[in-house]
Amino acid sequence: MPAISSNKPYRVGRSKTGLGLFATKPIKKGTRIIRYFGPILDSRIPEQDDIENKYLFELNGRWTIDGSVRKNVARYINHSCRPNAESDVRPRERKVFIRAIKNIEPGDEINYDYGTDYFKAYLKPIGCKCQSCEKKRKKLRAEARVERAKVKARAERKAQKAGAKTKKLNGKHVNGKHVNGKSNGRARA
């Protein structure tokens with residue numbers, strides 16, 4: 001991993017999804033954080049269009065940045081459905097900057113929305129691991145547990161009612177009176 005000078009407002013560190021980029025200093029909303037860079041690929045050249053890696057950043061229909069170079073620290077910025085940064089794409093200049101859209105505190109992970117195409121191709125099959133999706137899944141799991149508990153309680157109450165009716169019939173309750181199976185004292189012929 002490349003060494004990052006201490007005057008940078010970010011550092012590479014461990015994230016839930018592998019490596020991520022974290023703020024080391026407060027970053028104000030609207031601040032340009034880092035540039036996403038690498039070789040520029042032309043989709044009209046077949047051998048450049050066939051390159052497949054997850055660090056490709058499409059500028060437009062023709063130009064793409066291959067961000068897989070080790071010096072491109074911006075490649076460590078992870079996806080989030082509720083990001084604190086966004087990409088500022090400048091296709092004419094063939095540049096991409098990552099800009100804060102919220103105030104970012106030291107220790108916060110810097111993230112942006114990768115877009116629908118990337119999400120469908122890479123993230124949806126494995127499930128999004130961003131903090132907002134994890135929170136949403138946790139809430140849904142908790143709601144499902146509560147619902148399962150309600151269904152189980154209903155089934156137990158229903159079984160208890162059915163069991164009580166069975167006991168009454170086995171104990172020979174008829175019309176609210178207990179019948180013990182003996183004759184009522186009269187001899188039968």
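Q: Why is glutamate 47 called exposed?
A: Its relative accessible area is 58%. Buried means under 20%, exposed over 50%, and partly exposed in between, with a 1.4 Å probe and protein chains only as cover. A value of 58% is over 50%, so glutamate 47 is exposed. The model is predicted, with local features needing pLDDT of at least 70, side-chain atom pairs counting only at pLDDT 80 or more, and totals for chains, interfaces and linings using all residues. Residues are numbered from 1 along each chain as its sequence is written, and side-chain values use heavy atoms, without hydrogens or water.

Q: Where is glutamate 47 placed?
A: Glutamate 47 is in helix H1, residues 46-49. Helices are DSSP runs of H or I with at least four residues, strands are runs of E with at least two, and both are numbered from the N terminus.

Q: What makes Glu47, Asp49, Asp50 and Glu52 a negative surface patch?
A: Patch members have over 30% relative accessible area and no salt bridge; like charges are joined within 9 Å, and nonpolar side chains within 5 Å. Asp and Glu count as negative, Lys and Arg as positive. Glutamate 47, at 58%, passes the accessibility condition of over 30%. Together with Asp49, Asp50 and Glu52, Glu47 forms the negative patch.

Q: Which residues gather in the patch of positive charge?
A: Lys16, Lys138, Arg141, Arg145 and Arg148 gather there on the surface. One of them, arginine 145, lies in helix H3, residues 131-170.

Q: What makes Asp42, Arg44 and Arg62 a network?
A: The three residues are linked by salt bridges. Aspartate 42 pairs with arginine 62, and aspartate 42 also pairs with arginine 44, with the closest N and O atoms 3.8 Å apart. That distance is within 4 Å, so the pair with arginine 44 counts as well.

Q: How many salt bridges are counted?
A: The count is 5. Among them is the pair of aspartate 88 and arginine 90, with the closest N and O atoms 3.0 Å apart. Arginine 90 has a relative accessibility of 26% and is therefore partly exposed.

Q: Why is asparagine 78 called buried?
A: The relative accessible area of asparagine 78 is 14%, under the 20% limit, so the residue is buried. Asparagine 78 lies in strand S7, residues 78-79.

Q: What makes asparagine 78 and serine 15 a polar contact?
A: A polar contact is a pair of N or O atoms within 3.5 Å; within protein, one must be able to donate a hydrogen and the other to accept it, and residues adjacent in sequence count only if both atoms are side-chain atoms. The side chains of asparagine 78 and serine 15 are joined at 3.4 Å, so the distance condition holds. The asparagine 78 side chain also reaches the backbone oxygen of leucine 19 at 3.1 Å.

Q: How do you know that serine 80 is buried?
A: Serine 80 has a relative accessible area of 4%, so it falls under the 20% limit. Serine 80 is in the loop between S7 and S8. A polar atom of its side chain lies 3.2 Å from the backbone nitrogen of arginine 82.

Note on methods. Accessible areas come from the Shrake-Rupley method with a 1.4 Å probe; for residues, only the protein chains shown count as cover. A salt bridge is a side-chain nitrogen of Lys or Arg within 4 Å of a carboxyl oxygen of Asp or Glu. The place of a charge is taken as NZ of Lys, CZ of Arg, CG of Asp or CD of Glu.
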